[in-house]
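Hi everyone, thanks for making time this morning. Let me put the structure up, and then we can walk through a few spots together.

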Amino acid sequence: MTEPLLQVRGLRASFPVGGGLLRRSTRRVVAVDGVDFHVAAGETLALVGESGCGKTTVGRSILRLHPDPPSGSVLFDGQDVLALGTLALRRLRRHMQVVFQDPFSSLNPRLTVRTLVGEAVAVHGLARGRERVDRVEAILRRVGLSPDHMNRYPHEFSGGQRQRICIARALVLEPRFVVCDEAVSALDVSVQAQIVNLLADLQEERGLSYLFIAHDLALVRHIAHRTAVMYMGRIVETGPTEALFAEPRHPYTQALIAAIPQPFPGRRRPQAPLRGEVPSLLHPPAGCRFHTRCPHAEQRCRHGERPMSIEVGPGHAARCHLLWSKD
């Protein structure tokens, strides 16, 4: 069996919480708590869940974009990303890129498109002079922009065009892995479809691997090969996208899928939507963290150990105490 391009094992990320005398940090909140997954070459893994569940923290931790280094293991093509020094990490960044959620705030408003897209080429020493300009022009054409746009500034473009610039900036280095962090959530629905189709076409052409972070499950079903569902810093279910949507096994996954808007207003939902609020990560619930909102919670869910992962189908696993009883 071929080794995955990216392997994440026991990823844990925490952040200081201010307070105490002189507002010094007195405690830490664990935003990601023991996350495991892998991404194969040419594959899209979607990471979904409610806002605040830790999806973005996972993506940024993999790329080492947080000042506080995470713990665990992140292997990219056999290299331990978390153990790399400054120079080695810079070389690796050429192969691991990111497209952020807000295309306007992620682009420097004082720089032209020529500089925004070409800067990374210069930093990595891939081309200079006319060759660098040609490389920028080529990637702009590929993402649906004109070379005439090179001397314009970000404020002169629409939201969809700005996101195309961000994609061009990420792909001009010819990476192998891209984190798409809510890359289309800030765009109009019609523009979302265009960007998603562009990402799919680029993946087919270049053999790209994506970690597609999103909360729109209908969109995820269209683009992802596999899907991982996250709740309060932990992955509760993962599997092939079609299998997970056809037969979700974790109560949280079932609730998320039931909440997808239906095209037929009169059609009954398979279950009631979730009730209650997500607990604070400063004081996470004991046992299964979902038990405070789960309609099927039992005593062991509230006070037992953390649920273990159980295989419920080919490549399909979930963490729920009730699955052990059924299987």
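Phe76 has 2% relative accessibility, so Phe76 counts as buried; buried here means under 20% relative accessible area, with exposed over 50% and partly exposed in between, using a 1.4 Å probe and protein chains only. Please keep in mind that this is a predicted model, where local features need pLDDT of at least 70, side-chain atom pairs count only at pLDDT 80 or more, and totals for chains, interfaces and linings use all residues. Residues are numbered from 1 along each chain as its sequence is written, and side-chain values use heavy atoms, leaving out hydrogens and water.

Searching the whole structure turns up four aromatic pairs. Rings of Phe, Tyr and Trp (its six-membered ring) pair if their centres lie within 6.5 Å, with planes under 30 degrees apart called stacked, over 60 edge-to-face and the rest tilted. Phe76 and Phe177 make a tilted pair, at 6.3 Å centre to centre and 55° between the planes. Phe76 sits in strand E4 (residues 71-76) and Phe177 in strand E7 (residues 177-181), 101 residues apart. Strands (E, at least two residues) and helices (H or I, at least four) are DSSP runs numbered from the N terminus. Phe177 is at 0% relative accessibility, so Phe177 counts as buried too. Elsewhere, ring pairs join Tyr231, Tyr252 and Phe290 into a cluster.

Now, which strands pair with E3? E3 (residues 44-48) runs parallel to E8 (residues 209-214) over five bridges, and parallel to E9 (residues 226-231) over four; pairing takes at least two DSSP bridges. Val48 partners Ala214 in E8 and Val229 in E9.
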